[in-house]
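Me: I'd like to go through this one label by label. Can you tell me what backs up each term?

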Amino acid sequence: MSHAPLRFFFDYVSPYAYLAWTQLPTLAERHGRALEVVPVLFAGVLNTLGTLGPAEVPAKRFYIYKHTHRIAHDLGVPFVFPSAHPFNPLLALRVTAAVREANAQRRLVSALFSAAWAGGGGLMEPERVGACVGTVGLEVQALLAAAGTPDVKDQVRRNTEELLAKGGFGVPTVLADEELFFGVDSLGHLERFLRGEDPLSREERERLRTLPMAASRL
């Protein structure tokens, strides 16, 4: 059985990523897997693929706001929409990438997600991001300064490119043994995969990957 870590590609702008995060640490622990957090810029993914984000389509925007409230209710987790959405998550992503120690990084991810989606005051001002850094015992000014360095900026960019290179197209995405699971609604499928009970064989996955198109709108 593989013991490779689960890699969680996320952006704080996504309420679905927050909802997935409320479940993933315990899911990973159940299966004896480490959990690696990989902050990516969702807007960069969309720009590369030439697609709109769900919050950029008015009808879909209203729907996902209702949908995420209902999922949060089902999961029994706190959920408070920020004062405006979408918001710019870049500083929070870069601060996360600047933390090198895994446990500290996961604590910071939880704090930043809570600020964005659990009534913690949001992430739209640098002061809010700094407050999250402080609450988990990290050096505020040092991390805010590190977030502006070329190395950290490049790390977020490289993370985003890695998601795209793996075949990812959005957040949240979990990479498990080179298989992608997209969205909070795929966590049950991820569990079955980790138990060795995936209903899709490797051969069927490959057939679907190369399935020809018989029609196109383009």
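This is a predicted model: local features need pLDDT of at least 70, side-chain atom pairs count only at pLDDT 80 or more; totals for chains, interfaces and linings use all residues.

Reply: On a 1 Å grid over the protein atoms alone, a cavity is a set of points where a 1.4 Å probe fits but cannot get out, while a pocket is an open set with protein on both sides within 12 Å along at least five of seven lines; lining residues have an atom within 4 Å of a point. Grid points are joined across faces, edges and corners, and a volume is the space filled by probe spheres set on the points. Residues are numbered from 1 along each chain as its sequence is written, and side-chain values use heavy atoms, with hydrogens and water left out.

Me: Which helix gives the most to the lining of the largest pocket?

Reply: Helix 3, with 5 residues. Helices (H or I, at least four residues) and strands (E, at least two) are DSSP runs, numbered from the N terminus. Helix 1 (15-21), helix 3 (42-49) and helix 4 (58-75) each supply at least two lining residues.

Me: How many residues of each class are in that lining?

Reply: There are 22 nonpolar, 8 polar and 4 charged residues. Ala, Val, Leu, Ile, Met, Phe, Trp, Tyr, Cys and Pro count as nonpolar, Asp, Glu, Lys and Arg as charged, and the others, Gly among them, as polar.

Me: And what is the make-up of the second largest pocket's lining, by class?

Reply: The second largest pocket is lined by 2 nonpolar, 1 polar and 8 charged residues, and about 380 Å³ of space lies in it. Helix 11 (residues 202-209) gives the largest share of that lining, 4 residues. Asp177, Asp198 and Arg205 are among the lining residues.

Me: What makes Asp198 and Arg205 a salt bridge?

Reply: The rule asks for a side-chain nitrogen of Lys or Arg within 4 Å of a carboxyl oxygen of Asp or Glu. For Asp198 and Arg205 the closest N and O atoms are 3.3 Å apart, so the pair passes. By this rule the count comes to 14 salt bridges.

Me: Which residue does Asp177 pair with?

Reply: Arg33, with the closest N and O atoms 3.0 Å apart. The two are 144 residues apart: Asp177 is in the loop between strand 3 (173-176) and strand 4 (179-182), and Arg33 is in the loop between helix 2 (24-30) and strand 2 (35-39).

Me: Why is Arg33 called buried?

Reply: Buried means under 20% relative accessible area, exposed over 50%, partly exposed in between (1.4 Å probe, protein chains only). Arg33 has 9%, so buried it is. Asp177 has 33%, so it counts as partly exposed.

Me: Where do Glu161 and Arg157 lie?

Reply: Both lie in helix 9 (residues 150-165), 4 residues apart, about one turn of the helix. Glu161 is partly exposed at 42%, and Arg157 is partly exposed at 40%.
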